[in-house]
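Look over the structure before reading on.

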Number of protein chains: 2
Amino acid sequence: MSTRIGILGYGNLGRGVECAIRQNDDMELAAVFTRRDPASVSILTQTAQVCSVKDLADWKDKIDVMIICGGSATDLPKQTPECVKLFNVIDSFDTHARIPEHFANVDAAAKESGHIGIISVGWDPGMFSLNRLYANAILPEGSDYTFWGKGVSQGHSDAIRRIEGVKNAKQYTIPVESALEAVRNGENPELTTRQKHTRECFVVLEEGADAAKVEDEIKTMPNYFADYDTTVHFISEEELLKNHSGIPHGGFVLRSGVTGWEKEHKHLIEYRLKLDSNPEFTASVLVAYARAAHRLAAEGQKGCRSVFDIAPAYLSAKSGEELRASML
Amino acid sequence: MSTRIGILGYGNLGRGVECAIRQNDDMELAAVFTRRDPASVSILTQTAQVCSVKDLADWKDKIDVMIICGGSATDLPKQTPECVKLFNVIDSFDTHARIPEHFANVDAAAKESGHIGIISVGWDPGMFSLNRLYANAILPEGSDYTFWGKGVSQGHSDAIRRIEGVKNAKQYTIPVESALEAVRNGENPELTTRQKHTRECFVVLEEGADAAKVEDEIKTMPNYFADYDTTVHFISEEELLKNHSGIPHGGFVLRSGVTGWEKEHKHLIEYRLKLDSNPEFTASVLVAYARAAHRLAAEGQKGCRSVFDIAPAYLSAKSGEELRASML
């Protein structure tokens with residue numbers, strides 16, 4: 001069963017989806033939908049079309065799964081429930097606190113239109129969430145830890161760029177190695193925000209800007225930096241572009257738990273991601289779940305799902321027999 | 001929904017299941033079934049009964065899921081297809097090459113009797129298999145690596161004990177740290193058996209035994225040791241009991257892959273287990289899947305399943321709403 005994919009929104013994530021489709025023989029990119037003038041958007045896939053979001057409805061029967069590549073703040077809360085009226089959809093909605101509300105909205109629209117919508121797909125939420133769930137189900141008595149990085153936080157980089165005198169900036173979130181080791185050693189540490197991550201900033205100043213003032217503004221910024229040990233490096237724009245233009249990320253999900261009649265045995269479950277490209281990895285997860293969405297829809301299922309609701313076999317192009325023979 | 005569990009076979013694994021049930025409020029141990037004289041078997045749970053395997057059929061309506069704790073070589077190929085005629089069942093069948101055959105046998109019997117059977121549950125096969133599947137679905141272009149240890153291999157310890165002059169022995173399988181690091185660095189190494197693991201043996205000799213001869217027999221033993229760098233330590237029985245009576249294990253599943261239009265970005269997915277007690281951890285996985293089996297059966301499903309076929313949410317005592325609010 002080949003799956004015809006649509007991409008809604010062609011930024012870093014949309015381009016990542018396009019690349020991921022190329023790596024999966026049973027996937028085919030049908031069209032990219034953009035809010036921009038389609039003539040101004042050039043894509044990599046020769047066989048696919050670029051269309052206006054206004055023409056989405058024309059593609060109702062020509063696309064099996066629409067992968068929605070908008071932002072979580074304002075795009076997805078509107079786009080996903082709208083889009084699921086026409087298509088099976090996948091999104092990467094990542095505002096953790098608003099997931100229940102988003103799920104309810106997508107579920108209602110999906111049930112009415114008879115489609116499948118899988119939300120909050122990616123790595124956190126996504127693969128990290130799965131690992132939290134599996135580890136908690138296996139070790140009901142224990143402690144959970146999530147560390148992020150080393151990686152670029154777009155939100156923190158943006159926050160620095162909004163400071164007066166800053167021309168450009170990149171911020172890395174870095175897990176504290178000694179905290180990770182304490183968890184791995186089964187010490188069950190209680191860790192403050194400051195003890196879990198450090199923040200490293202590479203900043204390009206506007207001409208004549210006051211470096212000391214900028215550094216102070218960064219380090220004392222509430223929520224973003226004040227609760228962390230933060231290092232600020234001032235560098236040239238050339239150096240920023242040369243050494244800090246990638247979008248790496250990753251992190252660790254750990255669960256430390258006990259078993260035994262007297263809880264005498266310790267266990268550690270650790271899941272780690274080390275990613276050169278945050279958007280391309282997220283896109284790769286989205287495409288695997290698009291395969292699942294197509295299959296679930298073909299079975300006649302409808303409504304909203306999360307990664308928790310999808311049996312792993314649905315993600316693979318291999319059959320059940322092949323999977324049992326090769327991977328079990 | 002509370003789940004009444006039966007345990008078939010009361011060795012290390014069966015006792016581990018008993019301990020795991022105690023950690024899950026929605027699980028209850030109904031009875032332990034043994035091939036021994038029930039009067040000779042004492043269990044930890046005051047409220048549960050000890051019964052003869054001959055009386056299994058009497059429990060048909062008093063047990064929701066039977067967890068079969070026999071060995072893969074001779075017990076499970078017979079017990080699981082037999083048992084699924086009466087109960088929903090879980091086993092930890094771990095002879096990878098014979099899984100397709102075992103699956104088919106259990107599937108036929110389960111479909112006929114209207115029960116659910118989940119086979120090959122544990123950590124390898126089990127959690128390691130899941131991680132291989134997820135990682136392959138996300139990164140279709142890449143390499144897989146599985147390392148085991150540091151941990152006790154029962155099979156290798158037994159092989160040493162069969163050598164003339166050996167009174168007792170314990171064998172540890174140890175992953176080679178430099179090989180692990182090469183994988184983590186994205187070097188995609190091709191690793192021989194010798195490059196992946198070393199083997200460390202602690203041996204107690206019979207009085208008057210020839211140490212050099214025993215060491216040579218161990219190191220040259222085909223399949224078990226000849227292809228590995230093996231270290232042999234001769235110790236006293238007291239030291240063996242004091243320092244080597246645990247059953248720790250664990251290991252690593254890694255996938256190193258690429259994304260991007262020109263495959264320009266590298267990614268690493270790593271899953272690690274560090275277990276004080278191999279049987280108790282395996283038992284904890286079995287109990288989580290027993291919860292899933294009970295739910296699937298309550299939905300009217302029947303037939304054989306593996307961990308690949310079970311949506312993660314079925315493993316957790318929490319509802320879908322709770323899971324989305326707390327773990328997604």
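## The largest pocket

Several elements of chain A each supply at least two residues of the lining of the largest pocket: helix 1 (12-22), strand 2 (27-34), helix 2 (75-83), helix 5 (154-161), strand 10 (197-205) and helix 10 (278-298). Helices (H or I, at least four residues) and strands (E, at least two) are DSSP runs, numbered from the N terminus. A pocket is an open set of points on a 1 Å grid over the protein atoms alone, where a 1.4 Å probe fits, with protein on both sides within 12 Å along at least five of seven lines; lining residues have an atom within 4 Å of a point.

The lining has 44 residues. Among those nearest the centre are A:Asp94 and A:Asp124. The lining divides into 16 nonpolar, 22 polar (Gly among them) and six charged residues (Asp, Glu, Lys and Arg).

## How the model is read

This is a predicted model: local features need pLDDT of at least 70, side-chain atom pairs count only at pLDDT 80 or more, and totals for chains, interfaces and linings use all residues. Residues are numbered from 1 along each chain as written, chains are lettered from A and ligands numbered from 1 in written order, and side-chain values use heavy atoms, without hydrogens and water.

## Where the chains meet

Chain A and chain B each give 68 residues to the contact (heavy atoms within 4.5 Å). Zero salt bridges are counted between them (a side-chain nitrogen of Lys or Arg within 4 Å of a carboxyl oxygen of Asp or Glu).

On the side of chain B that touches chain A, strand 13 of chain B gives the largest share, 11 residues. That side divides into 36 nonpolar, 17 polar and 15 charged residues.
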